[in-house]
Amino acid sequence: MTRNKQAIDETKIPKFIEEGRGKGEGADYKPWLTVRDVPSLGFSSRIMGWKTGRLHHFFSNHESDYFHIGEWSKKIVDIREQYPLLPLENTLAIAESCGIQHPVHPKTKKPIVLTTDFLFTLEHEGRRTEQARTIKPFAQLSSDRTLEKFEIERLYWKALKTDWGIVTEHEIPKVFADNVERVHDRYRREDLGLTFDDICDIATILTDLVKEGSLALRHATQACDRRLGHEPGAGLAVADHLIARRYWTVDMYTRINPGELLILSGENLQGLYQEGK
């Protein structure tokens, strides 16, 4: 069961526009919809972004999974979710030209603002481009009405010369997304509850233990905690931090399991040490 994220009473549209929703970039961007605007069915989430430093709002597990993949990408420099297709007159005109009924509010039957799940800003070789993506379970693509709505969305972005596409669960590498989610909250050094010197000491010893390849990650971190006199869990938190910041290079397509060996294909602790300079 999914929620109709777009069925917002049309009386709220001027208010949302006045609040600046759908405007701005990075930390200043305000999504058109937040988890407070849509009744929850248990799938909503708010996640603090690495790239933006703000809370992102998602309405399905597939959306949050795709967000985590976007967070990991080096090419993506900004992520804007729940992006409104404004002005409303544009999507109304597209629907009319295609002979498609524009989505309306279920009670008032007034036209509603459509949204695209993600608008990414990519940077490559000094050139910035935008990419719009809609997330939808594969099973729902068999609905003619769903495809009609997507045609409005496709033509909206085509007019803006912006690459647009549909992403289903089949295009989302689940293990990769889960691995990023696992380490996501450990990205910022200040969230570890440790001093910088403590982090460096743990990283140095832990890297040697992991590279030896004789201990599961959990056992290696526990040994490190005991050796340095830290509370249990400190070493595992630092391990997640090293992965999140790419001071450790691991295969993100292989599930990270603390109960198993962690294989490092590379490490760059020098980058960590230089943070404190």
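## A loop and a strand

Pro87 sits in the loop between β3 (76–84) and α3 (88–98); helices (H or I, at least four residues) and strands (E, at least two) are DSSP runs, numbered from the N terminus. The peptide bond that leads from Leu86 to Pro87 is cis, with omega near -5°. In strand β3 you will also find Gln82. Although Gln82 is not a glycine, it has a positive phi of about 50°.

A word on the model: it is predicted, so local features need pLDDT of at least 70 and side-chain atom pairs count only at pLDDT 80 or more, while totals for chains, interfaces and linings use all residues. Residues are numbered from 1 along each chain as its sequence is written, and side-chain values use heavy atoms, with hydrogens and water left out.

## Where α6 meets α7

Helix α6 (residues 196–212) and helix α7 (residues 217–228) have axes that come within 10 Å and cross at roughly 140°. That makes α6 oblique to α7. Axes are lines fitted to C-alpha atoms, for helices over the stretch in contact, and angles run from 0 to 180 degrees between N-to-C directions. Angles under 35 degrees count as roughly parallel, over 145 as roughly antiparallel, 65 to 115 as roughly perpendicular and the rest as oblique.

From α6, Asp201, Ile202, Ile205, Leu206, Leu209 and Val210 meet Leu217, Ala220, Thr221, Ala223, Cys224, Arg227 and Leu228 of α7 (contact means heavy atoms within 4.5 Å). The residues of this contact of α6 with α7 comprise 10 nonpolar, 1 polar and 2 charged. Here Ala, Val, Leu, Ile, Met, Phe, Trp, Tyr, Cys and Pro count as nonpolar, Asp, Glu, Lys and Arg as charged, and the others, Gly among them, as polar.

## On to α8

The axes of α7 and helix α8 (residues 234–244) come within 7 Å and cross at roughly 120°. The two helices, α7 and α8, are therefore oblique to each other. Leu217, Thr221 and Asp225 of α7 meet Ala234, Gly235, Leu236 and Ala239 of α8. The contact of α7 with α8 has 4 nonpolar, 2 polar and 1 charged among its residues.

## Who lines the pocket?

Which residues line the second largest pocket? They are Val250, Asp251, Thr254, Arg255, Ile256, Asn257, Glu260, Leu261, Leu262 and Ile263. By class, this lining of the second largest pocket has 5 nonpolar, 2 polar and 3 charged residues. On a 1 Å grid over the protein atoms alone, a pocket is an open set of points where a 1.4 Å probe fits, with protein on both sides within 12 Å along at least five of seven lines; lining residues have an atom within 4 Å of a point.
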